[in-house]
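Visitor: I would like to learn how to read a structure like this one, feature by feature. Could you walk me through it?

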There are 2 protein chains.
Amino acid sequence: MVTIKDIAKDTGFSVTTVSRALNGYSDVNEETRAIIRASAQKLQYSPNMLAQSLVTKKSKIIGLLVTDLKRESVKDNFVFEVLCGVSEYVTTVDYEMILISTTTSRQRNKTFSQVVGERNLDGVIIQGLKKDDPYLTEAVASDLPTVLIDIPIENSTTGYVTSDQVDSVKTVIKYLSRLGHKKIAFMNGHKHAYVSEIRFKAYQESLSEIGIPYDDNLLFYGDFEEEKAYQTAFNFLLARQEVSAIFCASDIMALGVLQAARELRIRVPEDLSIIGFDNILLTRYVSPSISTVAQNPFELGTVASKLVLDIINQKSSEHHQILKNKLIIRESSGPSN
Amino acid sequence: MVTIKDIAKDTGFSVTTVSRALNGYSDVNEETRAIIRASAQKLQYSPNMLAQSLVTKKSKIIGLLVTDLKRESVKDNFVFEVLCGVSEYVTTVDYEMILISTTTSRQRNKTFSQVVGERNLDGVIIQGLKKDDPYLTEAVASDLPTVLIDIPIENSTTGYVTSDQVDSVKTVIKYLSRLGHKKIAFMNGHKHAYVSEIRFKAYQESLSEIGIPYDDNLLFYGDFEEEKAYQTAFNFLLARQEVSAIFCASDIMALGVLQAARELRIRVPEDLSIIGFDNILLTRYVSPSISTVAQNPFELGTVASKLVLDIINQKSSEHHQILKNKLIIRESSGPSN
DNA sequence: CTGTTAGCGCGTTCAT
DNA sequence: ATGAACGCGCTAACAG
């Protein structure tokens with residue numbers, strides 16, 4: 001490890017001067033700066049961020065906080081895409097990303113401030129925490145620059161990025177309605193997620209806008225899991241044969257519904273239209289391919305990063321951004337008959 | 001930020017005693033330790049890892065070094081699975097993972113030691129670097145605990161984890177041979193990857209073991225990319241109609257080959273058997289589903305983490321591990337006719 | 001058993 | 001324009 005001390009020794013200047021020269025202070029002779037720079041280059045000096053952080057209180061590290069990233073998470077590249085987005089943006093501005101995978105139980109052992117304080121994180125991006133997770137409340141209450149993904153809360157140090165959930169849902173429902181569907185079921189995720197809440201409300205609104213009465217019996221939950229979606233859809237489809245379309249709050253669940261339909265010999269899209277949400281890779285490859293609302297998680301990641309850095313650098317005051325989604329029509333949806 | 005100083009003030013002991021009490025030193029009165037612990041709990045103290053690292057020279061951070069994680073990387077969850085594995089293991093032993101995404105060009109601006117030194121990384125896991133990437137050489141030469149994924153180099157501070165590439169290839173070739181295939185082509189990745197080298201050699205060996213002469217014309221490259229694979233396969237299949245089976249060094253490429261076959265109206269598996277490598281999610285969902293060699297990248301990740309920590313803690317001396325793969329037969333392969 | 005002193009590598013007054 | 005001295009939060013050597 002070569003330190004500024006080494007450079008000081010090498011050049012004959014004091015560590016102070018070296019520090020200032022390297023940090024671009026104006027009160028240093030350009031000639032000495034050149035000498036010091038050359039020496040740094042020669043010795044392959046690189047600042048010790050730890051020491052730097054310790055004194056400046058800035059770590060140049062952004063934490064990406066996600067819920068329990070485990071073996072099963074793999075199927076869902078949503079998180080991965082967000083991560084890639086964050087990683088890419090953060091790299092361009094010379095920050096580092098640290099991945100923090102937590103669970104509700106682990107949040108009881110260590111507070112949010114502790115996690116953040118331990119490594120002097122400059123900012124945090126939160127993805128996938130449950131509505132009532134302790135860290136969420138703490139993060140919002142704290143004055144640490146925080147950006148939430150898909151949770152619309154904003155204050156002076158908290159921002160969020162999400163996509164136009166309401167609009168997307170309405171687009172889907174109207175699309176189905178135009179195809180003649182009257183009995184449009186909605187498979188939601190679970191109640192711990194903000195998006196579930198929002199999408200549900202949007203579903204209700206959309207129906208009322210097109211004059212279809214909301215029916216509680218057409219709402220059911222798939223927990224954002226393929227297996228769970230499969231099971232509940234199986235029973236649901238048996239019981240409610242009048243349903244001609246199911247809108248799923250995630251593609252993973254749509255996959256499960258598709259499977260259930262297949263086993264019940266319900267033809268898709270002739271007898272049942274299925275529409276998903278997310279546009280995960282698989283939707284394009286399964287047969288029939290699945291119509292879905294395309295989100296752009298990668299962009300969610302880059303924008304989130306941009307927003308945290310804005311908050312950190314106290315740039316604008318608007319700390320939220322809403323991305324556009326797009327309905328992609330594939331084989332799994334068609335006219336009602 | 002509450003520091004040991006605060007605890008010292010709160011309890012009346014010196015910072016040293018606090019430090020020692022909290023770090024479990026034996027030379028401290030159990031009673032005072034209890035007092036100090038209680039105070040720490042009360043104040044929600046959490047050690048500042050930066051300061052700790054600065055003096056102990058240990059950061060409890062493992063770097064995961066990957067090549068340029070960008071938008072396009074998303075299709076290939078291999079990296080993501082490895083990452084999940086690393087993240088999970090590392091969390092259990094109270095370490096943190098930092099993701100470092102680099103490119104060949106960026107490696108010229110900053111040396112490996114600089115990257116590592118900046119944050120006092122305790123160890124590094126390397127995945128996907130090219131054979132001639134500077135960081136690879138530097139990492140192996142350095143004395144920083146390093147574990148390479150799929151690159152079999154070992155020394156006192158370098159280990160590796162990979163899967164039984166040779167065995168897998170042989171299994172595939174023998175399987176195809178048993179099905180009556182004589183003209184078995186091999187689509188390799190690109191020459192920058194170690195695995196390409198190894199798999200190619202294994203391909204040659206397997207052929208000779210079953211008495212089929214190696215034919216240079218049956219080897220071609222798909223660069224580990226779907227599009228590239230599609231294009232080269234298209235031309236290849238046109239030119240070499242005698243080929244009855246193609247073994248691809250990655251599923252992504254198998255996807256491309258499948259597409260080419262489809263467009264050329266070559267039936268799979270009747271006219272052409274296709275076998276991939278990796279067992280990515282899609283192989284199960286496309287039609288026909290793709291036979292492939294199943295790797296377990298998640299485990300690659302956990303084992304890699306375990307190995308780095310072994311090296312860090314100077315546990316055993318064997319710093320490599322080879323995982324088993326498994327040939328999964330699906331619809332894309334069948335008897336030659 | 002406990003406190004004092006020193007120092008990790010760096011940025012930052014405050015003199016000069 | 002430059003340097004000496006101090007402190008960030010912490011651990012480690014040495015006394016006592």
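Guide: Gladly! Let us begin with strand pairing: two strands pair if DSSP finds at least two bridges between them. Keep in mind throughout that this is a predicted model. In β4(A), the residue bridged to A:I125 is A:V147.

Visitor: In which sense do strand β3 (residues 123-127) of chain A and β4(A) pair, parallel or antiparallel?

Guide: They pair in the parallel sense, over four bridges. Now look at the side chains of strand β4 (residues 146-149) of chain A: A:T146 and A:L148 point one way, while A:V147 and A:I149 point the other way. All four of these residues are buried.

Visitor: Leaving aside neighbours within four places in sequence, what is B:I125 in contact with?

Guide: Its contacts include B:I62, B:L64, B:L65 and B:V86, and also B:V147 and B:I149. B:A304, B:S305 and B:V308 complete the list.

Visitor: Let us turn to the two protein chains. What rotation superposes chain B on chain A?

Guide: For two copies, look at the angle of rotation and at the shift along the axis. Here the rotation is 180° with 0.0 Å of shift, and the RMSD is 0.1 Å. That is the relation of a two-fold axis. To find the axis in your viewer, go to B:I98: of the residues of chain B, its C-alpha comes closest to the axis, at 2.3 Å.

Visitor: Now the DNA. Which residues come nearest to DNA strand C?

Guide: With a surface like this, ask who is nearest, then which elements contribute, then what classes of residue are there. There are 25 residues around DNA strand C, and A:T3, A:N48, A:A51, B:T16 and B:N29 come nearest. Both chains contribute: α1 (4-11), α2 (15-22) and α4 (49-56) of chain A, with α2 (15-22) and α4 (49-56) of chain B, each supply at least two residues. α4(A) gives the most, with five residues. The classes are ten nonpolar, twelve polar and three charged.

Visitor: And which residues come nearest to DNA strand D?

Guide: Of the 25 residues around DNA strand D, those are A:S14, A:N29, B:T3, B:S19 and B:A51. Two or more residues each come from α2 and α4 of chain A and from α1 (4-11), α2 and α4 of chain B. The surface near DNA strand D divides into eleven nonpolar, twelve polar and two charged residues.

Visitor: Can we finish with loops? Is A:P269 buried or exposed?

Guide: Count the C-beta neighbours: 20 or more within 10 Å make a residue buried. A:P269 has 22 other C-beta atoms within 10 Å, so A:P269 is buried. This residue sits in the loop between α12 (251-263) and β9 (273-278) of chain A. Beyond its neighbours within four places in sequence, A:P269 is in contact with A:P288, A:E331, A:S332, A:S333 and A:G334.

Visitor: How does B:T103 read by that count?

Guide: B:T103 has 14 C-beta neighbours inside 10 Å, so B:T103 counts as partly exposed. Its place is in the loop between β2 and α6 (106-109) of chain B. Leaving aside neighbours within four places in sequence, B:T103 is in contact with B:T67 and B:D68.

How values were computed:
Residues numbered from 1 in each chain as written. Chains lettered and ligands numbered in written order. Predicted model: local features only at pLDDT ≥ 70, side-chain atom pairs only at ≥ 80, totals over all residues. Least-squares fit on C-alpha atoms with pLDDT ≥ 70 in both. Contact = placed C-beta atoms within 7 Å. Near = placed C-beta within 6 Å. Nonpolar A, V, L, I, M, F, W, Y, C, P; charged D, E, K, R; others polar. Buried ≥ 20, exposed ≤ 12 C-beta atoms within 10 Å, placed from the backbone.
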